6 protein chains.
Amino acid sequence: MDEKVYDDGMSIRREVLGDEYVDNAMRNADDFNKDFQQFVTEYCWGACWGRGALDRKQRSLINISMLAAMGRWEEFELHFNGALNNGCSLDQVKDALFHVAVYAGIPAGVSAFKNARRILAEREGKA
Amino acid sequence: MDEKVYDDGMSIRREVLGDEYVDNAMRNADDFNKDFQQFVTEYCWGACWGRGALDRKQRSLINISMLAAMGRWEEFELHFNGALNNGCSLDQVKDALFHVAVYAGIPAGVSAFKNARRILAEREGKA
Amino acid sequence: MDEKVYDDGMSIRREVLGDEYVDNAMRNADDFNKDFQQFVTEYCWGACWGRGALDRKQRSLINISMLAAMGRWEEFELHFNGALNNGCSLDQVKDALFHVAVYAGIPAGVSAFKNARRILAEREGKA
Amino acid sequence: MDEKVYDDGMSIRREVLGDEYVDNAMRNADDFNKDFQQFVTEYCWGACWGRGALDRKQRSLINISMLAAMGRWEEFELHFNGALNNGCSLDQVKDALFHVAVYAGIPAGVSAFKNARRILAEREGKA
Amino acid sequence: MDEKVYDDGMSIRREVLGDEYVDNAMRNADDFNKDFQQFVTEYCWGACWGRGALDRKQRSLINISMLAAMGRWEEFELHFNGALNNGCSLDQVKDALFHVAVYAGIPAGVSAFKNARRILAEREGKA
Amino acid sequence: MDEKVYDDGMSIRREVLGDEYVDNAMRNADDFNKDFQQFVTEYCWGACWGRGALDRKQRSLINISMLAAMGRWEEFELHFNGALNNGCSLDQVKDALFHVAVYAGIPAGVSAFKNARRILAEREGKA
């Protein structure tokens, strides 16, 4: 493990997903998944998100589009929240979901809008 | 067909993909695919790309990432060229391809980098 | 928007999915998804389903097969109901699901049969 | 192996794909793939295509749509030829490819139309 | 149906998935899915799992990796249990899930670990 | 970068893919892809392949199966060669490709067998 990359990754992960989510993930890690948690933090959040040429909004828009296109709905929820945490407006995420519908097919778009509306309602419930 | 949406779509398509490509596509259209050409121009370039909340660079970054994730390499080539035409820097497309590698798997990233380098070499040959 | 294509799309959508479903979708549309609802009605149900060379049974069989192959299970439910509404027999949808199992893999087939049986039971409960 | 199912499969495979293609596949089979050739003939062409509730045109339309949606272009070529051999009209396969574009995304549709036009030109060259 | 292949398939299926699961599947089969149940048993468990060059652990590791990569989570659950029934250690399935995360993308890995932990907890609850 | 993990990754990568391939990849790396080359070596070959619970044959069988299932044919070629370099027998890779055909669909299996035969012929040509 490169500690500098890991630490940078942990900071970015916390800023994008929120402390509550990350604290929960770390606390629940056990022998079976704790090195995977570390792997994700270092490579995904440190070595990839830590690169310098795109801002976080752009990364979030890329991610929610790819995740919807591939039907990875559990991670879509995480990163849709991340997109809003990173300051994407509702109109921006909506336009990204139109790209999903056109380039990955209407069914991916329909499920993406349905998930997005559920997540938005849950965020309002918490606010 | 909504002529306004179609005309807007045709303008955007020409600006992103270049007149040479679009002239070629229109000239080669025959009975079998000409209504599909029209459909793509109106639906994809007019009704989707014509929306107002994201700029063209952001749309290009979303598209090349989704296309690589889904393994749609013919369209990846088109939109990778479009991303550069829209002003994305090499460092920005590179960072997007890192997201592809991490979120859609290393093999998608490897093929994306390989295609990207071939396209970059071809653009240099033409310049 | 092309109003003629939209209106045709709305008629077809109602005939395939039922008034109850469509009324519900329209009533629940809000600022976030109402233009997407319109987009789906015009392009998917009008410009695609409204074409003339295939009948509705054939379109339904194509759709349930593609949706199962891609693992788009929310939309599979919608279109499996649509296939039965369009008059496909149980033996016909069953044969289509065999194609799914063979061409998209046994797991797609297993999930398709499982979803199909659940939907059939729900339709019997309503009848 | 169930010889009856295998023999039925071989007949259907020959009728759909043509004797030339199947003779070639059988002649080229070696130790590495000959039991796979047999498996495909029995399982795919006998036990699946040999079922009774859909005619061959409908099976072909289902297959070319699924294959394009999944990006299986080698097999798409085979089954697009099969669809025409089975009597599907150009307008019917065109409408199926519109479903691909809408439900599996424009890039799948674009590649499907491009492959279809190449195959049509090759068939004309042979005729 | 080749009765010998079917019977071999049924034995293997019972050994990998457990009698309880298979008895349940057979008892619940109805007119709609009973020939599909037979088809799966003969071709998948007999003609494929019954081949001789790989042991069952190796087949299970291949299957859970492919199923996670393709997002077939219902069948993933079945075969993750099968992998443990076949004697794969926790460290072995964990290493396979690392391959999923790297080759099919982090989101496939995250969902695979999440599903795996739920299944492990359920097995402990039963033990 | 963790130098230890990188160095382990480089050793494993050379042993699996051969010095000729890796030397070529390193020599051709330029500003656009050299940090991606490093990322792949550390993350994929070091942190994933370097784990201890599966031997290299098992990792290769997992990889060729996932790559065929996802249609990543460029990387399939690399890892099919790797599987043979790692000592998998022809009968073992053949059995793995049967799992691909059954679990990811016949078209994935057909393309996998076709690619495999081409690669085997090329290896014989070199030997």
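A polar contact is a pair of N or O atoms within 3.5 Å; within protein, one atom must be able to donate a hydrogen and the other to accept it, and residues adjacent in sequence count only if both atoms are side-chain atoms. The structure is a predicted model, in which local features need pLDDT of at least 70 and side-chain atom pairs count only at pLDDT 80 or more, while totals for chains, interfaces and linings use all residues. Residues are numbered from 1 along each chain as its sequence is written, chains are lettered from A and ligands numbered from 1 in the order in which they are written, and side-chain values use heavy atoms, with hydrogens and water left out.

**Exercise 1. Describe the interface between chain F and chain C.**

Step 1. Six residues from chain F and six residues from chain C take part in the contact, contact meaning heavy atoms within 4.5 Å.

Step 2. The two chains bury about 420 Å² between them, 66% of it from carbon and sulfur atoms. Buried area is the accessible area (1.4 Å probe) that two parts lose on being put together, summed over both. On the side of chain F, Val102(F), Tyr103(F) and Ile106(F) lose the most area to chain C, together 63% of what that side buries.

Step 3. Two residue pairs are in polar contact between chain F and chain C, both residues at pLDDT 80 or more, and the count of salt bridges is zero. A salt bridge requires a side-chain nitrogen of Lys or Arg within 4 Å of a carboxyl oxygen of Asp or Glu.

Step 4. Helices α6 and α7 of chain F each supply at least two residues of the side that touches chain C; α6(F) has the largest share, three residues. Helices are DSSP runs (H or I, at least four residues), numbered from the N terminus.

Step 5. By class, this side of chain F has five nonpolar, one polar and no charged residues. Ala, Val, Leu, Ile, Met, Phe, Trp, Tyr, Cys and Pro count as nonpolar, Asp, Glu, Lys and Arg as charged, and the others, Gly among them, as polar.

**Exercise 2. Determine how α6(F) and α7(F) are arranged.**

Step 1. The axes of α6 (residues 90-104) and α7 (residues 106-126) of chain F come within 6 Å and cross at roughly 155 degrees. The axes are lines fitted to C-alpha atoms over the stretch in contact, and angles run from 0 to 180 degrees between N-to-C directions.

Step 2. The two helices, α6(F) and α7(F), are therefore roughly antiparallel to each other, a label given to angles over 145 degrees.

Step 3. Among the residues that make the contact are Leu97(F) and Phe98(F) of α6(F) and Phe113(F) and Leu120(F) of α7(F). The contact residues divide into twelve nonpolar, one polar and one charged.

**Exercise 3. Describe the interface between chain B and chain A.**

Step 1. Here 30 residues of chain B are in contact with 31 residues of chain A, and the buried area is about 2900 Å², 68% of it from carbon and sulfur atoms. Met66(B), His99(B) and Tyr103(B) supply 24% of the area that chain B buries against chain A, more than any other three residues.

Step 2. Four salt bridges are counted between chain B and chain A. In one salt bridge, the side chains of Asp95(A) and Arg51(B) meet at 2.8 Å, N to O.

Step 3. Of the elements in chain B, α6(B) gives the most to the side that touches chain A, with eleven residues.

Conventions: Angles under 35 degrees count as roughly parallel, over 145 as roughly antiparallel, 65 to 115 as roughly perpendicular and the rest as oblique.
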